[in-house]
Amino acid sequence: MADEGGQIHMETQSNAGKWILIIVAILAIAGFGYAQYLTHTQLEKLNGDLSASQAQVKELQNRMQTTEAQEETLAQQAGMTKKELSRRTAELLSAQKAAEARLVEQQKQQIGAVTTDIAGVKTDVGGVKTDVASTKADLEATKAKLQGAVGDLGVQSGLIANTRSDLEILKHKGDRNYYEFTLLKGAKPQPVSTVSLQLKKSDPKKGKFTLAVTSDDKTIEKKDRNVSEPIQFYSGREHMLFELVIWTVDKGKATGYLSTPKGAPMPVTAGPASGTGN
């Protein structure tokens, strides 16, 4: 009985060992199969990537060939080799950059010139303003020299001009008509406006003179009058006030002007020496 029990026990152990070996073999085969599956999958993926890469390389080659063919065609049309075409393209790009640089420089120069011109105009305007201010000051100073006075008829005179420049200011005021004259002693009566004047006597040392005034067919002698003294008389149908002023007296010579109202009759004839109404 003991021998039979031992044999049964040994057979049981032998059967267990066989099953273990079978299981190990199955697992080994399964592992090998899975590893083979993974390897096959990776190979297929690599083959796919390789095919895609080869297709991209092929496409790139085709593009390069197309570009080269286009360059070749363009070069042939231009009558140049590819090298000459490349060189010509580089030259054109260089010329374009140089032209752009010149244009920028010209624009800068033009802007600088305009700025200089504007500065010059500002300077000129400043000079004109200064001249205008100076002229205005001179005019005001000259006006200050003009003065009013009472004439020999006791009538208040307007502003009296003591020089030719003063007379020009009065003319531009436009209040009255002004006629400048120069009288010579011993000469015939000189027409001035609508009257006649004749120098009878002159005393440069004392600044005095004697004058004959003919108006409306009447002659009035103004004796021993002073330089810059308003000499007044009425003339015309409207009995208008005329006024004359002698501003310089020399030996045998007197210079001055006659002032008449704006509505006074104009002279029929007036020579250059008589002046012109304003």
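**Strand partners, ring pairs and salt bridges**

Me: Let's start with strand β10: which residue stands opposite A254 there?
Reply: L183 is the one facing A254 in β10. Bear in mind that this is a predicted model.

Me: What makes β3 and β10 a pair of strands?
Reply: The cut-off is at least two bridges. β3 and β10 have 9 bridges between them, running antiparallel, so they qualify as paired.

Me: Why is β10 described as largely enclosed?
Reply: Because 8 of its 9 residues are buried, β10 is largely enclosed by the rest of the structure.

Me: Now the rings. How many aromatic pairs are there?
Reply: The count comes to 3 aromatic pairs.

Me: Why are Y178 and Y257 called a tilted pair?
Reply: Their ring centres lie 5.9 Å apart, and the limit is within 6.5 Å, so they pair. The planes are at 55 degrees. Stacked needs under 30 degrees and edge-to-face over 60, so 55 degrees lands in tilted. Y178 sits in strand β3 (residues 176-184) and Y257 in strand β10 (residues 253-261), so this contact ties together parts 79 residues apart in sequence.

Me: What about W247 and Y257: what makes them a tilted pair?
Reply: The centre-to-centre distance is 5.8 Å, with 40 degrees between the planes. W247 belongs to strand β9 (residues 240-250) and Y257 to strand β10, 10 residues apart. Ring pairs link Y178, W247 and Y257 into a cluster.

Me: How do you know that W247 is buried?
Reply: W247 has a relative accessible area of 9%, and buried means under 20%, so the label holds. Y257 comes in at 1% and also counts as buried. Y178 is buried as well.

Me: On to charges. Why is the contact between K171 and E168 called a salt bridge?
Reply: The closest N and O atoms of K171 and E168 are 3.8 Å apart, and the limit is within 4 Å, so the contact counts. The two residues are 3 apart in helix α3 (residues 164-173), which puts about one helical turn between them. An α-helix has 3.6 residues a turn, so residues three or four places apart point the same way.

Me: Is K171 buried or exposed?
Reply: Buried: K171 has 13% relative accessibility, against a cut-off of under 20%. E168, at 32%, is partly exposed. Other buried residues of α3 include L167 and L170. Just after α3, G174 takes a positive phi of about 75 degrees.

Me: What makes D175 and K173 a salt bridge?
Reply: Their N to O distance is 3.9 Å, which passes the within 4 Å rule. D175, at 49%, is partly exposed, and K173 is partly exposed at 44%.

Methods. Residues are numbered from 1 along each chain as its sequence is written. This is a predicted model: local features need pLDDT of at least 70, side-chain atom pairs count only at pLDDT 80 or more; totals for chains, interfaces and linings use all residues. Side-chain values use heavy atoms; hydrogens and water are left out. A salt bridge is a side-chain nitrogen of Lys or Arg within 4 Å of a carboxyl oxygen of Asp or Glu. Helices (H or I, at least four residues) and strands (E, at least two) are DSSP runs, numbered from the N terminus. Buried means under 20% relative accessible area, exposed over 50%, partly exposed in between (1.4 Å probe, protein chains only). Rings of Phe, Tyr and Trp (its six-membered ring) pair if their centres lie within 6.5 Å; planes under 30 degrees apart count as stacked, over 60 as edge-to-face and the rest as tilted.
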